[in-house]
Amino acid sequence: MPESSSELTKKLSVAVEKMPAFPKSVQRILELSREINCPPKELVGVIEKDPVMTMKLLRILNSAYYSFPKQITSVNQSVVFLGLNTIKNMALSFAAMGSLPQHNAAGFDVQKYLLHSLTTASFARALCQKYSHDGTDPADCYIAGLLHDFGKVVFAQFMAEEFKEALTRSAEQNIPLHEAEQQIIGTDHTVVGGMLVERWQFPKQLTDNIRNHHTALPAGNTVYCCLYAANQASKKLGYGFSGNPVVDELPPVVQEYFSGDLDAVIAGLGDVTKIANEAQVFAQVGKEV
Amino acid sequence: MKLRFWGVRGSIPSPGEKTVRYGGNTTCIEVRTDDNELIILDGGTGIFPLAQTLLKELPLTAHIFNTHSHWDHIQGLPFFIPIFIPGNTIRLYAAFDPITGAGAERIMNVQLQYSFFPVREAEMKSRFEYVALMPNEAVTVGSAKITPVLLSHPVVNLGYRIDCNGKSIFFTGDHEPHFNIYEPGDEGYEEYQTLIEEQRQGIIEATRGVDVFIADSAYTIEEYPSKKGWGHGTFDSCMQLAKDAGAKILYCTHHEPTRSDDDLEKAFSAALERNADAVSCVDVRLAREGEEIIL
C-alpha cells in the first residue's frame, strides 16, 4: 500500500462521508419523512439496519462536538440524546446522497453484503442474549455485527480494481478474502473498518472487535465471541454473501465460550427463520429503485 | 446576580390587548453578574427593547447565549443595536448543529442576508465573535460560570446554568421531557425507558439546587397529547422537574402565543392545584415581561 495508514484513514474517512446508503433504507426514509408525524419506531428500525447510515450517525454523535457522558453505540441512544427530528433530518441528509449502486466496479454485490451483515448482527445479538452472563449489552453485539465488514464496502467503492482482484483470487483459490486483500491491497477490511471507527471515536471495544473478527485471540470478551461465531454461522447457513467463500472453524476461546463448535452454536441459535426473513425483506431492493 | 425578563412568549411575537400584562415579545432574558457583566439568554424579539436600555452604557461587552436556533430565539438579534456600533464586543455562544454542520455563526449569516435584512453580516461594526459550546463544558464570563446542558427539542437545544458567587439560575430554552417511542411490551421499550430515566436524572443533577429555574411550560396537560413531539413542556412537567431538582423559584415561560393573559392565569392556577406537592417546596411563578429579580 503506497500511503501511510494515517493518510489512508484520512482519505477513506472523507470518502465515507460521501458514501450513499443502501437503496431500501433510502427509499423508506424518504417515504417515512413525508409524514409530519413520522413514526419514530420505524425510523429507528430503518437506520439501524443500514450500516452506512448507522456509521455516519454514530460518527457525528461521538465526535468532539458533543461530549456525551458515554460513547453512543445505538440508534436508540442517538434519538434520546439529539431528538427524533434531528435524527430524522440527519437520515434525510444521508438519503439525499442517493443510494449505493447495486453494481459497482468491483463486482461486489452490496445487497448480499447487507444480508450477510444484518444476519450476522442479529445472530450476534441473539447469541449474546442466550449465552452472556456478564452484563454485556446485546445491542453492542448487534452493532459489531452490522459494521464488522464495513471495510469491504469501502474497498468496493473506493479501491474497486484492487478489491475486484482480491474477490477473484479468494474465489479461485478458495482462500479467505482477508488473506487475498492482504496479498493484493496490502491491508484488509478488518484493518480499514477498525481504523475508520477508531478515527471516529467509536468505543474502543467496538474498534477492537471489528479489527479482530478474523483473528484467533488467546482470550476474548463476549462481543468478540458472539461476533466471531455469528459471522461464521451466517456464512455457513448461506445468508447473503460478503465475498468470503471460506467458513472458519471457531477458535478455541470461542468454542469454550459456547461450550461447542460452530454446528453447536448454530443449533443453539434455534429457529432463525424469523431473523432471516426480516433481513431478507430489508436487503432486497424495491422494484421502483 | 440580577435577572430581567424581556420576552416570555413562545413561537411568535403576540402583541395586543389580550397579552399586555405578560407581554408579547419572544424569548430574551437579561442576566447581570455581581460585577455587572452582561449575559443575555436568547435573542428573541425581547432583545430589541433591551438594546434600547444599553445605549447609555456603550462601549459594552455582551455575552449572548443562544439555547437553539429556532426563530423565536434568534429573531431579535439583527435588531440588537450594539452589533452595529464600533467599540462593542458581542460574543454569541451556541451549540453545533449536526444537520447543517455549523454552529453559532450560522445564526447571524442566515439572517443577515440581502433578501431578508438590509445590512449584511460583514457590515456589523462591533467586534463579533462566535463560540461553539459543548454540553457539560462550562465557560466563564467574569465572575460567572455558565454550564450548557443538552435538553430535548426538535433541534439541538442547550439549557444554561449560570453560577455566580453562590447563586444560580437555570434556563431550559425549549424542552420537552423525553418520552418513550415504543409501547410497553415492544422490544426496545425497557432499554429506551432506561435511557430516558438516565437523561432525566442527568438534567436533575445539572440543575440541582438552583435558586431560579426558568422553564418552557408552553402547554397545558390537556393540550399536550396533540402537541407531543413538538418539543415543549407543560406547566405540570416543569413543576415536577423543578421540585425534583430542588429549585427554590420556578418561572414558567414560553407562553403560548394564542393564550390571553386571563387564560394563562387560569391554566397556571389549575396546574398549581394539581401539583400541590411541588408548590409546597418551590415558589412557582409566571414569567412576565419586565419583571426583575435580584438574587
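Helices (H or I, at least four residues) and strands (E, at least two) are DSSP runs, numbered from the N terminus. By that count, chain A holds 17 helices and zero strands. The model is predicted, so local features need pLDDT of at least 70 and side-chain atom pairs count only at pLDDT 80 or more, while totals for chains, interfaces and linings use all residues. Residues are numbered from 1 along each chain as its sequence is written, and chains are lettered from A and ligands numbered from 1 in the order in which they are written.

Start with the overall form of chain A. Its C-alpha atoms fill a box of roughly 50 × 45 × 40 Å along the principal axes. Now take contacts, meaning pairs whose C-beta atoms, placed from the backbone, lie within 7 Å. Among the contacts in chain A with a separation of 6 or more, 71% join residues 24 or more positions apart.

Next, look at two helices. Two packed helices are described by the angle between their axes and the distance between the axes. In chain A, the axes of helix H5 (residues 75-82) and helix H6 (residues 84-95) come within 7 Å and cross at roughly 120 degrees. Axes are lines fitted to C-alpha atoms, for helices over the stretch in contact, and angles run from 0 to 180 degrees between N-to-C directions. H5(A) is therefore oblique to H6(A). Oblique covers what is left after under 35 degrees (roughly parallel), over 145 (roughly antiparallel) and 65 to 115 (roughly perpendicular). Ser78(A), Val79(A) and Leu82(A) in H5(A) meet Leu84(A), Thr86(A) and Ile87(A) in H6(A).

Chain A also touches chain B. The contact takes 20 residues from chain A and 23 from chain B. On the chain B side, helix H3 (residues 189-207) gives the largest share, five residues.

Finally, turn to chain B itself. Strands of a sheet pair through backbone hydrogen bonds, either parallel or antiparallel. Chain B has an open sheet of seven strands with mixed pairing, in the order S7-S8-S9-S10-S11-S12-S13. Two strands pair if DSSP finds at least two bridges between them. The edge strands are S7 (139-141) and S13 (283-286) of chain B, each pairing on one side only. Strand S12 (residues 249-253) of chain B pairs with S13(B) in the parallel sense, over four bridges. Tyr251(B) has Arg285(B) in S13(B) as its bridge partner.

Conventions:
Contact = placed C-beta atoms within 7 Å.
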